[in-house]
Amino acid sequence: MIEAIAAAVTWLGASLIVLADGRRGLALGVALATLGLSVVVWQDAGPVPALLLAAGGGLAAGGRAVAGPAGWGLMPPGSTPRIVLSVGAGLLALWIALGITSGPGGALRFAVLTLVGMAVARVLSTESAEVQLTAAAVVAIAVAAAAGLDANAPAVWPSAAAAFIAAGTGWLRLGVPRAA
Amino acid sequence: MLPEAEELLVLVAAGLVFAFVFAPTAIPRRSLVIQGGAGVVAGAAIAVVPTFDLALLVLLGLGTVDAAMGGLRTFAVRMRAPVLAVGIFALALVFLRVEGPDVLARFAAVGLVAGLAAAVGLLPYIHPFEADEATPASPLVWTVFVGPLLAAVVVARAQSFIPVDAGEAFAAMLIGIGLLNMAWGAIAAWLTASKEAAWRYSFLADWGLVLCGFGLTLLDGRRAAMLILFSIVTCRLPLYLVAREPVEKRSPTEGPLNLLVAAALAGSAPFVGFAARVLLLRGATQLFWPLALVIAIAMLLWLPGSFRLGRSMGLPRGRQALGVAIVLAVNVVAGLYPLPLLTVAGL
């Protein structure tokens, strides 16, 4: 039950990243996605990877909360495709995680598929560097969480690396583009 | 670390040193060291890390750093390909790790090839070109410095964790994408209006040969892929850098040197590209002879583009002339006696 709720929170966070353009909305999206995924990872891979991912996602959310377009920027005009993406990606991930694939770890499968799919779609569809960096942080966390799907793969080192990358992308400040 | 990766790492590092010493003054040395060096270091990290998950995170980190360093293309444009590659690789890993129908493993095989194409910048995920962009800020970092090591790692990992049925799909995808890049890259290098774009398409054509070599799943194929990667790093890259001299300082010429350069780029004997092509055709003949016929026809497409690129070199002088001479000599030696290269790579 906890895993299912956590997976739903992950989808909510990913949806916020898809639907928001402002720094508050993006930061809340990263925070929710990380919170949900960390709980799922805790259940499947133990506390150390979960805490590492939570730390990385928390730092990314903190960095995004203080830099980027002001406000929430939730569902600006023309957001219908993004809403469709949020709902459609969630349903597709749910179908693959519970209908196509089998075995334990259904919540982790759903969370990883949702995060990777929606974050990559967001990176491809926006011109905003801040939005892309936010989505990249989430992709890093999801890649590390996916290591938990393999019982033989160590989850700690990918989690530590993902935390470092997520925190780095959250606090990265871009200068003015320059001609070479 | 894989023996192939060790050799490729030495080669790309040597390619970077060559670029630093012999590239025209128009290419900023500081950017070359920083962005090229970041590519070499990331490539080494990709080859060294114990799990593929860590390799993906290295790739994502490099993509972010490379995009943040700037250039003529915007951050958003530069960021897309690496993140797309990591996302596709991640989905492929998920499909390989979960229980489910056999078709999931085939989707994973497709994802591994698609991710590799996206990371290197091959069709159908070609990185956008900006003809005026400085070389270190261009997609060349991915094509030349990171790509060879990533390809070696992906192919080696795929052999260990893809089931046999999906392995056939993986090989077929490599050959299919390879043929697409060979044909498209060679024809575009011949017909495109821009000289810069022609050079970059020629890298794609060579990468098509590499993918075909890896896809043959025979020793000859892997040997051919290794030699083509050697040719990309030690022949096409340095010649491209020399050809980057500003237009006003260089006019197309048709001297003996240009003919030699064209022959080296086209993979004629006695250059290393010829040995690679012979190995590739021999492997393809063993596997399925009509494939060898298609590859042989595609190889002919290198000729007109290579003559064009050879002419665009003009007549190098001074340090650049010495660099071109070294490049041609190294490629002749490797073409006449490639065995040491292959032995060091464990092939």
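How many residues does helix 14 of chain B have, and how far does this helix reach from its first C-alpha to its last? Helix 14, residues 319-336 of chain B, has 18 residues and reaches 26 Å, close to the 26 Å expected at 1.5 Å a residue. The expected span here is 1.5 Å times one less than the number of residues. Helices (H or I, at least four residues) and strands (E, at least two) are DSSP runs, numbered from the N terminus.

Before I go on, a word on what we're looking at. This is a predicted model, in which local features need pLDDT of at least 70 and side-chain atom pairs count only at pLDDT 80 or more, while totals for chains, interfaces and linings use all residues. Residues are numbered from 1 along each chain as its sequence is written, and chains are lettered from A and ligands numbered from 1 in the order in which they are written.

Back to helix 14 of chain B, then. Its buried residues are B:Gln320, B:Gly323, B:Val324, B:Val327, B:Asn331, B:Ala334 and B:Gly335. They cover an arc of only 100 degrees around the axis, which puts them on the same side of helix 14 of chain B. That arc is taken from the directions from the helix axis to the C-beta atoms. By buried I mean that 20 or more other C-beta atoms lie within 10 Å of a residue's own (exposed is 12 or fewer, partly exposed is in between, and C-beta atoms are placed from the backbone). Among the elements covering those buried residues are helix 1 (3-22), helix 9 (219-242) and helix 11 (272-287) of chain B.

Now let's step back to the whole of chain B. Its secondary structure comes to 15 helices and 0 strands, and 59% of its 347 residues are buried. A compact globule with 347 residues would have a radius of gyration near 20 Å, and chain B agrees with its 19 Å. For that comparison, the radius is taken over C-alpha atoms, and the globule rule is 2.2 Å times the number of residues to the power 0.38.

Chain A comes to 7 helices and 0 strands. Of its 180 residues, 59% count as buried. Its C-alpha atoms fill a box of roughly 50 × 35 × 30 Å along the principal axes.

So how do the chains meet? The contact takes 39 residues from chain A and 33 residues from chain B. Two residues are in contact if their C-beta atoms, placed from the backbone, lie within 7 Å. Helix 6 of chain A gives the most to the side of chain A that touches chain B, with 9 residues.

Let me finish with the core. In the largest nonpolar core, with 209 residues, A:Val138, A:Val139 and A:Ala140 touch the most other members. Such a core is a set of buried Ala, Val, Leu, Ile, Met, Phe, Trp, Tyr and Cys residues joined through C-beta atoms within 7 Å. Beyond its neighbours within four places in sequence, A:Ala140 is in contact with residues including A:Ala162, B:Leu57 and B:Leu60.
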